Amino acid sequence: MGKSMYNFGKQSKEKARQKKQMDKAAKRVMAKQQKAGLKTADMPKADSDMEESKQED
């Protein structure tokens, strides 16, 4: 017997859904890394300001 038309396009839809899910997860990871990078970049700047004020005393 032949294949039924019931599954027509179902596999490609599922692959597209999984790809979209993976893309979203990758974007979340990238945003998290960038946010962490910005926080760590700001921290030394704040520390250097504190050190300068201590040196002035």
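Which residue forms a salt bridge with Arg 17, and how many Å apart are the closest N and O atoms?

**Figure 1. Overview of the predicted protein chain.** The protein chain contains one helix and zero strands. Helix H1 covers residues 10-56. Of the 57 residues in the chain, 0% are buried. The accessible surface of the chain amounts to about 6,100 Å², and carbon and sulfur atoms account for 58% of that surface. Two salt bridges are found when the whole structure is searched.

**Figure 2. Salt bridge between Arg 17 and Glu 14.** The partner of Arg 17 is Glu 14, and the closest N and O atoms of the pair lie 2.6 Å apart. Both residues belong to helix H1, where they are three residues apart and thus separated by about one helical turn. The pair counts as a salt bridge because a side-chain nitrogen of Arg lies within 4 Å of a carboxyl oxygen of Glu. Arg 17 is partly exposed, with a relative accessible area of 41%. Glu 14 is likewise partly exposed, its relative accessible area being 33%.

**Figure 3. Salt bridge between Lys 19 and Asp 23.** The side chains of Lys 19 and Asp 23 form a salt bridge, with an N to O distance of 3.2 Å. Lys 19 and Asp 23 are four residues apart in helix H1, a spacing of about one turn of the helix. Side chains of opposite charge can pair when their charged atoms come close.

Key:
Residues are numbered from 1 along each chain as its sequence is written. This is a predicted model: local features need pLDDT of at least 70, side-chain atom pairs count only at pLDDT 80 or more; totals for chains, interfaces and linings use all residues. Side-chain values use heavy atoms; hydrogens and water are left out. Helices (H or I, at least four residues) and strands (E, at least two) are DSSP runs, numbered from the N terminus. Buried means under 20% relative accessible area, exposed over 50%, partly exposed in between (1.4 Å probe, protein chains only). Accessible areas come from the Shrake-Rupley method with a 1.4 Å probe; for residues, only the protein chains shown count as cover.
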